[in-house]
Amino acid sequence: MSQKSDIQLMAELATEYFLQGHSKVEIATAHGISRFQVARLLERAQNEGIVQIRVVNPLDAGEDHADLAARLGVSSATVVTPRTGETLRSALARQAAGVLQQRLHEGARLGVAWSRTLMHLPEHLQALPRVDVVQLVGPLSAPGTSAAASSGLVHALGSLAGGQIWPLPTPLIVESDAVAASLRAMAEVRAALEAADDLDVAVVSVGGGGEGASTLRARFTPQEQQDAVEAGVVAECSGILVTANGEIARSGMENRVIGVRAEQLRSARVIALAPAQDHPEAVIAAARAGFVDDLVLSDDLALRVKAALD
């Protein structure tokens with residue numbers, strides 16, 4: 001049998017089997033070959049790309065909650081369902097990756113914060129339009145740790161995008177105002193902070209800001225903690241503290257934070273991931289602050305947000 005006729009036969013058998021629902025025995029009888037030959041040819045058809053099977057899980061695209069988006073005053077709210085064996089953080093990052101590819105365009109500037117959830121983002125991206133990538137904040141430092149993980153995130157996204165990269169080689173918060181000022185004066189730090197002035201799209205994570213809800217809060221001085229309580233802080237986004245009504249709180253802590261400013265985030269289209277399942281108030285506050293355009297959250301948190309809005 002010639003190669004051309006072989007390909008033709010495989011296409012015919014695949015059509016009869018996969019599209020028309022005929023059994024291998026029926027196909028073998030119709031073509032005068034054995035069912036074992038049919039099975040081998042169908043296997044070859046798949047291996048050689050003649051048959052391409054695509055499985056679409058509707059849940060992977062997330063569930064659009066237009067009613068929730070309208071109540072929050074944001075452009076979109078998408079609820080994700082983790083796949084079997086997938087963590088919620090990875091599921092949130094997977095959905096954010098899909099939204100990101102819809103929002104970005106060639107020549108845009110993308111800002112990316114750092115969080116344990118956002119670290120999963122590169123896993124779910126195979127390519128990006130050619131864009132520049134700006135690191136918005138570094139990680140929350142701890143003894144014996146460095147900013148290498150967050151640098152890895154921005155460089156991974158930068159390699160997918162192929163544009164210019166502005167890494168921010170500092171932790172999110174440092175020990176004193178003087179140290180922060182000294183770091184901001186460094187050329188590479190200053191360049192990253194200034195590059196955030198012209199963001200088109202930003203990807204951030206929203207967390208709780210109350211006592212016991214924020215790892216950042218553990219780095220506050222006693223006076224800063226008291227000031228945060230008195231200000232009514234309920235949310236934290238990229239080192240920015242937010243009150244329940246969406247106002248930016250000032251506790252003195254912000255002088256030690258190195259990263260994106262509130263006005264820079266508000267000027268971008270912000271994709272916000274909400275991994276803090278027990279803190280619907282943080283989502284509401286971030287939306288009121290103007291830090292959310294496209295919200296990605298779990299079904300459980302969506303229900304809690306709706307209940308908190310009632």
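Residues are numbered from 1 along each chain as its sequence is written, and side-chain values use heavy atoms, without hydrogens and water. As the model is predicted, local features need pLDDT of at least 70 and side-chain atom pairs pLDDT 80 or more, while totals for chains, interfaces and linings use all residues.

Colleague: What volume does the largest pocket have?

Modeller: A pocket is an open set of points on a 1 Å grid over the protein atoms alone, where a 1.4 Å probe fits, with protein on both sides within 12 Å along at least five of seven lines; lining residues have an atom within 4 Å of a point. Points are joined across faces, edges and corners, and the volume is the space filled by probe spheres set on them. For the largest pocket this gives about 590 Å³.

Colleague: Which strand gives the largest share of the lining of the largest pocket?

Modeller: Strands are DSSP runs of E, at least two residues, and helices are runs of H or I, at least four, numbered from the N terminus. Strand 6 (201-208) and strand 7 (233-237) each supply at least two lining residues. The largest share, four residues, comes from strand 6.

Colleague: Which helix gives the most to the lining of the second largest pocket?

Modeller: The second largest pocket is lined by 21 residues, with Arg250, Gly259, Val260, Arg261 and Ala262 nearest its centre. Helix 8 (187-195), strand 8 (240-243) and helix 10 (262-266) each give two or more. The most, four residues, comes from helix 10.
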